[in-house]
Amino acid sequence: IRRPPRSTLFPYTTLFRSLYEAVIEKSLKPKEIEQNFKKIHEYSFNSSRRMMSTLVQGEGKITLFAKGSPNAIISKCALDQTKKDLLFKNIDEMAKNGLRVLGFAHRDFETIPENLRSENIEENLVFDGFCGIEDEIHPEVKGAIEYCHKAGIKVIMITGDYEITADSTAKKIGLSPDGQFRMISGDQLSAMEDLALRENLLHPVVFYETDPSEKLRIVETLQKMGLVVAVTGDGVNDALALKKADIGVAMGISGTDVAKEAADMVLLDDNFSTIVNAIKEGRLIWDNLKKFIFYIFSSNAGEFMTVFFGTIFGLPLPILAVQVLSVDLGTDVLPSLALTAENNKKSLLEGPRKQKENLLDINILYRLLFVGIIMGGGATLNFWLINGFGSIGTDLYYKATGATFATLVICQVVNIFEVRGGLKNIKAFFFSNKYLLLSVIAEILILIAVIYFPPIQNFLSTKALSLLQWIPILSVGLVFLISEELWKYYDQHFKPSIDNKKAVL
């Protein structure tokens, strides 16, 4: 039986819907069967029994119908060992193909038994057969698992299925990059000490035939290990783990109401790859936001240090207020907006992210100070080279403020290049984000207009610069580029590494 992704025929679990639709395909009429058989008692499924049964009255007799795990059903049937071995062989063959196998059996009674306890009723059953239910794996899932491996996200498979079925499914989805993973049953897990469980969780692992309490224990252990845990599930049995997880993700189509209420997020398409796509989008937004904030703040740091250095060295004001505004609202606007259109998928695969990461931490503040000193120091130096300690209001003074303005803009052109990845990512700078390249061209054109276009010169109090005066301006940009590359080299090779915590799905 192939489990359908969605059904409008029956508003129950997908497993029940699969059986229901299979009965319809056999030209049977479930509604008539329900009318002809009156339910007397139901023995519900639980993780310890691994089966359920229903006692009904119809066609002049009392019958118990049972379904569940093949092991549980066969253990309740009156079969010799040879017959059992043959059945288990067939079950294993089906499970190797990734089928979820269900066993079926029944028992007839002449009258309603006086003792309705399951131990008395579910014995000496007549084995009817079994069926295999195929859970179709979305084609995107394998690629999503591969992304998780590259992005430092550990995927753990927890299922109530038969061992061979779980093993086959894990291999199909590529749970482990090398195809090797540990198989741990629910019974083994319940007898396992916490220290041994932690050791197993460090490796690719599949937990099979587990119950809700064991799933909850796995989540709690992962959290004690300092990991951020996301749990997916669709059944009532998943509710505890979904509630305990840092991020509970329920299935919107096949999920029960209990699972949806316990979860933090509901998937409308029941597709694992949707979770991974959400992680990608989240990382992309976070990365772009960090780039945007650093670029804007670095410009402010450069302007602040320019005024600071000019003040402590007793120079006339190196840059005017209107020129500061023209940097913030003119030349910086387009590149900063272009950063929000970044889609550098390669950076999304650079291993795990820190469990807690701030947009402005102490390391970023140190770097902003470093950038501000280079930009502000260079701009102040270029102002002094042209004007020295001359008076405010002269043509030489306005030429010097123009040099200050030009130095800050050139440094910001270099800065957008460095924020984008620097020399190691030079190809992507020119080809992966056309808006960024166009914004840099526009920034340079605005700079030329500010320095050489008379109406704007008069408005911003600048004067044209000679070709010789551009040499120190461009030299500061080169020094800024070299200093940023050296900072990155130190950050990558000499700075103490941080123990990043992996997210777990």
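1. The expected span of a helix is 1.5 Å times one less than its number of residues. The model discussed here is predicted.

2. The buried residues of α10 are Pro212, Glu214, Lys215, Leu216, Arg217, Ile218, Val219, Thr221 and Leu222. Just after this helix, Gly226 has a positive phi of about 85 degrees.

3. Is Lys215 buried or exposed? Lys215 lies in α10, which covers residues 212-224. Its relative accessibility is 10%, and buried means under 20%, so Lys215 counts as buried. Leaving aside residues up to four places away in sequence, Lys215 touches Ile158, Val231, Thr232, Asp238 and Ala241.

4. Helix α13 (residues 272-312) packs against helix α17 (residues 395-419) at an angle of about 155 degrees, and the two axes are 10 Å apart. Angles over 145 degrees count as roughly antiparallel, so α13 is roughly antiparallel to α17. The crossing of these two helices is right-handed.

5. On the α13 side, the contact with α17 is made by Lys291, Phe294, Tyr295, Ser298, Ser299, Gly302, Glu303 and Thr306. On the α17 side, the residues are Thr404, Leu408, Gln412, Asn415, Ile416 and Val419. By class, this contact has 5 nonpolar, 7 polar and 2 charged residues.

6. How do α17 and α19 cross, and how close do their axes come? The angle is roughly 175 degrees, and the axes come within 10 Å. That angle makes α17 roughly antiparallel to α19.

7. In the contact between α17 and α19, the residues from α17 are Gly402, Phe405, Ala406, Val409, Ile410, Gln412, Val413 and Ile416. They meet Leu436, Val440, Glu443, Ile444, Leu447, Val450 and Ile451 of α19. The class division here is 12 nonpolar, 2 polar and 1 charged. Gln412 and Ile416 of α17 are listed in this contact and also in the contact with α13.

8. Helix α21 (residues 467-493) has 27 residues, so at 1.5 Å a residue it should span 39 Å; its end C-alpha atoms are 39 Å apart, which agrees.

9. The buried residues of α21 include Trp470, Ile473, Val476, Phe480 and Leu481, and among them are also the charged residues Glu484, Glu485 and Lys488. What covers the buried residues of α21 includes α16 (362-387), α17 and α19 (434-452).

Technical notes: Residues numbered from 1 in each chain as written. Predicted model: local features only at pLDDT ≥ 70, side-chain atom pairs only at ≥ 80, totals over all residues. Heavy atoms only, no water. Axes fitted to C-alpha atoms, helices over the stretch in contact; angles between N-to-C directions. Helix = DSSP H or I, 4+ residues; strand = E, 2+ residues; numbered from the N terminus. Parallel < 35°, antiparallel > 145°, perpendicular 65-115°, else oblique. Left-handed = near helix turned anticlockwise from the far one by under 90°. Contact = heavy atoms within 4.5 Å. Buried < 20%, exposed > 50% of the residue type's maximum accessible area, 1.4 Å probe, protein only.
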